[in-house]
Amino acid sequence: MSKKLLDILMDRFGASVILDTHSHVGDDTAIVAPAQWRDVALFLRDDPRCKMNMLADLCGVDHIGQTPRLEVVAHLNSLELGHRLRIKTRIGDEDCSNAVVASLVPVWSGADWFERETFDMFGIRFEGHPDLRRILLYEEFVGHPLRKDYPAAKTQPLVPYREGEDVLDKLEPFGADEGMSFGRKHLDYVKEES
Amino acid sequence: MGEMTKPATHVIEAGPNGFATTKFNDLLGWARKYSLFQYPFVTACCAMEFMSVMSPRFDLARFGAEAPRFTPRQSDLLWVVGTVSQRQAPILKRVFEQMCDPKWVIAFGTCASSGGFYDNYATLAGIDKVVPVDIYIPGCPPRPEGVMDGLLLLQDKIQKGDRTPRIVKPRNDPAAALTQLRTARNG
Amino acid sequence: MEPLDLEVDESSLELPSDPMQLLMGPSHPAMHGTVRIVLDLSGETILKADVQIGYLHRGFEKSCERGTWNQVFPYVDRCNYSSPMLNNVGYALAVEKLCGLQVPERCQYYRVIMGELARIADHLVCNAAMGMELGAFTPFLWWCRAREMIYDIFEEETGARVTHSFARVGGMAHPPTPHFKAAIRAALPHVLAANAEGVSLLQNNRIFMDRTMGVSPISAEDAVALGWTGPCLRSAGVAYDIRKAHPYLVYDRFDFDVPVGTKGDNYDRFMVRVEEIAQSARIVEQALEQMPDDGPINISDPRFVFPEKSEVYTTIESTIRHFKIVMEGIPVPKGEAYGYTEAANGELGFYIVSDGSGTPYRVRIRPPSFALVGGLSKLVTGQMIPDIIPTFGSLNMIGGECDH
């Protein structure tokens with residue numbers, strides 16, 4: 001993997017913008033200050049040593065308990081030069097307010113739907129996005145499900161359910177956090193509702 | 001299989017409405033069950049097995065249930081194939097309401113029957129929460145043989161005019177084998 | 001009898017000119033289940049298309065955070081359900097990347113062979129559905145029969161036809177059966193023959209060509225900017241295949257070509273998939289030659305892989321090991337990794353974040369068809385309604401993957 005990509009970034013922007021870099025298991029990562037998110041992306045796309053012409057993925061991660069809490073992760077790919085890079089930035093307070101970052105749609109048009117999905121799942125707003133609305137969930141849905149404090153089994157039905165003996169129901173004891181606790185030691189922050 | 005019985009002999013009884021009407025109901029049942037027009041409400045992975053069941057090897061056409069009508073107005077059998085999410089539930093309800101009587105619903109697969117293992121915010125835990133279901137075919141996805149069993153069970157129900165929901169059992173029920181083993185061992 | 005308006009000049013006819021809005025889907029035969037396209041139409045020409053996905057959103061990423069690392073495999077299967085093996089292998093490789101594991105050589109060949117068979121099945125179904133929606137029902141039936149042969153092989157190896165959940169972190173669930181190679185060698189010629197037979201009906205068919213050639217073309221720059229990968233990107237002229245660009249498993253030991261199109265229209269996408277079936281078969285044949293007949297399938301690290309069942313019932317160490325792997329999950333080290341493979345639709349990426357425990361902290365699937373369908377509105381704008389059908393079919397949107 002080309003460590004020199006990270007060096008190019010550091011030379012161009014300096015430590016006030018590129019807050020941290022690391023290379024781990026073959027992936028290069030650069031942590032970017034949120035204010036220069038789009039500038040770094042433009043540089044990576046246009047600079048002839050980088051030429052990252054494809055945005056492979058853009059998603060969010062919720063680091064509950066840390067401030068800033070939400071993280072936007074973008075994976076970039078250069079088809080010609082063959083190198084890849086991950087850029088991340090942290091935004092948002094502990095209740096996920098002020099989670100705003102610049103949109104990358106002017107840089108790569110494919111970022112459109114990826115940013116809509118990140119907004120849908122985490123509530124991160126992308127400034128400059130042409131049409132920021134929910135994509136995977138419906139408009140009537142309240143909340144952002146991939147945040148760690150959204151209970152996984154909390155449904156918001158659009159149609160009232162039928163009643164009657166022919167309606168199959170959950171057998172006891174399988175509420176949301178009952179049954180075998182496979183690996184689930186670290187979900188204290190999740191308040192489960194059955 | 002539990003509920004499906006083949007009529008061995010047909011006893012001609014004069015029902016409360018008379019001989020001619022009973023025979024007519026039989027004729028109607030026979031005509032309906034072998035001419036099901038299906039609306040394949042296909043969503044997810046069960047579609048792969050649905051395609052297999054329509055394909056030459058496990059041909060469903062030989063049971064009269066081939067012709068898909070891609071509008072609910074002209075169909076009488078609603079195949080709900082695959083997971084129905086909360087967002088899709090109003091659409092399923094609307095499609096069901098647009099069908100004319102008599103109509104039947106097959107819940108194809110575990111996700112349609114009970115939500116499957118998607119016990120989360122996005123999935124409808126079984127389509128019987130929004131539409132009444134006649135046949136549940138469990139499996140993730142069910143084997144094409146299971147689907148054919150389900151259709152034959154439905155055809156039997158249509159012949160008898162039975163509207164209670166039924167679940168397709170596996171052909172070799174492991175629970176039955178275990179019970180047999182236990183009783184044999186205990187003498 | 002002659003029509004009455006033969007002499008009337010068309011421009012002098014008064015026709016309504018407000019755009020009409022039409023909702024296509026989400027329960028629509030050509031929408032492959034669950035996509036709604038809100039169309040603004042002028043006559044039959046599309047002025048604007050708003051593609052709404054998400055009707056099959058099943059909360060894959062949230063569900064992954066509630067179990068262990070190995071319990072993700074059934075969920076991952078049901079993402080791209082046309083080629084589940086490729087999803088299994090992709091996720092297993094991502095977790096193994098983070099753990100720093102490499103599976104034994106025999107397992108790498110096994111994964112390649114199963115993956116390529118799944119790719120053939122996926123391409124067969126995609127082309128079959130595309131043909132069927134244009135009225136060519138016969139190739140659909142032939143190719144479904146060919147797919148059944150592949151399903152037979154999967155059933156023999158994994159126990160399930162469609163959703164096998166067969167890969168594990170550190171290997172596979174079971175070693176290959178003794179007649180694995182013979183079964184594939186027997187089935188593959190029939191699959192290729194069925195492919196060729198069906199293609200001969202469509203390749204030079206006037207109707208098929210008129211409906212797909214020149215319809216919804218895309219340029220290479222647009223495709224790359226949209227994040228397209230896989231056969232759809234290659235049909236636009238970009239020869240990018242992850243198996244060649246960043247080889248993983250044992251793909252660098254095989255001799256195969258990467259089919260590339262020119263115009264990026266529907267016909268090119270169809271033909272690229274047809275050629276890829278032939279190339280996948282080539283890979284499978286070479287892999288069958290090179291695959292060792294004995295040797296371990298799983299790594300020997302006791303923290304990741306189950307012990308033998310006989311030992312679990314007889315020795316206490318194996319019982320404890322089994323218990324820890326099942327109840328606590330495998331010890332993936334803290335950190336993050338992005339594992340990417342060439343799935344049937346393109347770059348299938350898994351971005352996983354681990355907090356050091358047996359439960360995933362975050363599993364993100366990067367679905368190839370998400371990026372493809374993101375470009376659909378651009379492709380169909382300016383085309384007519386019937387053109388949506390082959391266009392959507394040629395993109396091979398798999399709902400489970402696109403909506404995760």
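How many helices and strands does chain C have? In this predicted model, chain C has 17 helices and eight strands.

**View 1. Overall dimensions of chain C.** The radius of gyration of chain C is 23 Å, close to the 22 Å given by the globule rule for 404 residues, so chain C is as compact as a globular protein of that length. The C-alpha trace of chain C spans about 95 × 45 × 35 Å along its principal axes.

**View 2. Burial and contacts within chain C.** Of the 404 residues of chain C, 59% count as buried. Among contacts in chain C with a separation of 6 or more, 70% are accounted for by residues 24 or more positions apart.

**View 3. The contact of chain C with chain A.** Chain C contributes 41 residues to this contact and chain A contributes 31 residues. Elements of chain C that each supply at least two residues to the side touching chain A include helix 3 (84-99), helix 13 (316-328), strand 6 (335-343) and strand 7 (346-354). Strand 7 of chain C gives the largest share of that side, four residues. By class, the side of chain C that touches chain A has 15 nonpolar, 15 polar and 11 charged residues.

**View 4. Helix 2 and helix 5 of chain B.** The axes of helix 2 (residues 46-54) and helix 5 (residues 144-160) of chain B come within 9 Å and cross at roughly 75°. Angles of 65 to 115 degrees count as roughly perpendicular, and the two helices of chain B are therefore roughly perpendicular to each other. Helix 2 of chain B makes the contact through B:Glu49, B:Ser52 and B:Val53, and helix 5 of chain B through B:Pro144, B:Val147 and B:Met148. The residues of this contact divide into four nonpolar, one polar and one charged.

How values were computed:
Residues numbered from 1 in each chain as written. Chains lettered and ligands numbered in written order. Predicted model: local features only at pLDDT ≥ 70, side-chain atom pairs only at ≥ 80, totals over all residues. Rg over C-alpha atoms; globule rule 2.2 N^0.38 Å. Buried ≥ 20, exposed ≤ 12 C-beta atoms within 10 Å, placed from the backbone. Contact = placed C-beta atoms within 7 Å. Nonpolar A, V, L, I, M, F, W, Y, C, P; charged D, E, K, R; others polar. Axes fitted to C-alpha atoms, helices over the stretch in contact; angles between N-to-C directions. Parallel < 35°, antiparallel > 145°, perpendicular 65-115°, else oblique.
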